[in-house]
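Subject: Structure handover and notes

Hello,

Here is the structure we talked about. Please open it first, then read my notes below.

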Amino acid sequence: MIDSIEERIALPVGEVALTRPRDAEALLSEEGFENEEFLPYWAELWTSAVALAHDVARRSLRGAGVLELGCGLGLPSIAAALAGGRVLATDWSADAVRAVAANAALNEVAVETARVSWREPDAILERAPWRYVIASDVLYEPRNAEQLLELLPRLVDRKGRVLIADPGRRPAEEFLARACAGRWHVRSTTSSRSPRVQVHRLRLR
Ligand SMILES: C[S@@+](CC[C@H](N)C(=O)[O-])C[C@H]1O[C@@H](n2cnc3c(N)ncnc32)[C@H](O)[C@@H]1O
């Protein structure tokens, strides 16, 4: 049983209640680390998630298909559902998937959930193209950047948009340089919520 706390986050679509583990570090396990360096990053609410949730909440999504990658606690997914999107929240951590389902229920919004790793993405490719693919603070390891550069162009078509919020991590810089040099048009803005976080909007050329 995970000892949890609840907090409330004000968004343009209203206040969202979010439950998360009181102490993310207490979830570290040697077994988990040996298995793909599986760290409990899902258990924290990162600043980028709040920034992305604000961005998404200002959009009129009205039935648009929205996929969140590496959702953690799922605040941007809940914001997207409150803005009218049909949302699938995914993460490779089963605990994260359980947490986002519980948080969606707490806020009485419909958010579908699935355990999906970027290395085995069949379940989300089957449902492509997505209108929006969203993710916050997922570019913290070079291998993540590598996997997402390969995966993202298969998830959207030219009408689709990818929104990535990031606090300026080094692998994100490398990801953006390669995305711009490759298949993507990228527009980046500083989040009104946090001067450290940028929201990158990507569309296929
Ligand atoms: C730094 S946390 C950010 C969580 C959440 N998006 C936020 O901003 O609060 C990174 C998230 O990406 C997930 N993740 C990392 N590598 C992944 C992979 N290969 N496939 C799917 N999810 C992954 C982690 O489990 C974690 O939930």
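The crossing of α6 and α7 is right-handed. That label applies if the near helix is turned clockwise from the far one by less than a right angle, and left-handed if anticlockwise. Helices (H or I, at least four residues) and strands (E, at least two) are DSSP runs, numbered from the N terminus. This is a predicted model: local features need pLDDT of at least 70, side-chain atom pairs count only at pLDDT 80 or more, and totals for chains, interfaces and linings use all residues. Residues are numbered from 1 along each chain as its sequence is written.

Back to the pair. The axes of α6 and α7 (residues 170-181) come within 8 Å and cross at roughly 25°. Axes here are lines fitted to C-alpha atoms, for helices over the stretch in contact, with angles from 0 to 180 degrees between N-to-C directions. So α6 runs roughly parallel to α7 (angles under 35 degrees count as roughly parallel, over 145 as roughly antiparallel, 65 to 115 as roughly perpendicular and the rest as oblique).

From α6, Pro-142, Asn-144, Ala-145, Leu-148 and Leu-149 make the contact. From α7 come Pro-171, Glu-174, Phe-175, Arg-178 and Ala-179. Contact means C-beta atoms, placed from the backbone, within 7 Å. These residues divide into 7 nonpolar, 1 polar and 2 charged. For the classes, Ala, Val, Leu, Ile, Met, Phe, Trp, Tyr, Cys and Pro count as nonpolar, Asp, Glu, Lys and Arg as charged, and the others, Gly among them, as polar.

Glu-174 sits in α7. Setting aside neighbours within four places in sequence, Glu-174 contacts Pro-142 and Ala-145. Its C-alpha is 8.3 Å from that of Pro-142, 32 residues apart along the chain. Glu-174 has 15 other C-beta atoms within 10 Å, so it is partly exposed. The scale: buried at 20 or more other C-beta atoms within 10 Å, exposed at 12 or fewer, partly exposed in between, with C-beta atoms placed from the backbone.

Now α2 and α3. Their axes come within 8 Å and cross at roughly 10°. The two helices are therefore roughly parallel to each other. α2 brings Ala-49, Val-50, Leu-52, Ala-53, Val-56 and Ala-57 to the contact. α3 brings Leu-75, Pro-76, Ala-79, Ala-80 and Leu-82.

α3 (residues 75-82) has 8 of its 8 residues buried, so it is largely enclosed by the rest of the structure. Just after α3, Gly-84 takes a positive phi of about 105°.

Next, the ligand. Which residues come nearest? Of the 22 around it, they are Trp-42, Ala-49, Gly-70, Gly-72 and Trp-92. Near means a C-beta atom, placed from the backbone, within 6 Å. The shell has 12 nonpolar, 8 polar and 2 charged residues. α2 (47-57) and α6 (142-151) each supply at least two of the shell residues.

Some backbone points to check:

- Ala-128 and Pro-129 are joined by a cis peptide bond, with omega about 5°. Pro-129 is in the loop between α5 (122-125) and β6 (132-136).
- Arg-62, a residue other than glycine, has a positive phi near 20°. Arg-62 lies in the loop between α2 and β3 (65-68) and is exposed, with 9 other C-beta atoms within 10 Å.
- Glu-108, also not glycine, has a positive phi near 55°. Glu-108 lies in the loop between α4 (94-106) and β5 (111-115).

Best wishes

Key
Contact = placed C-beta atoms within 7 Å.
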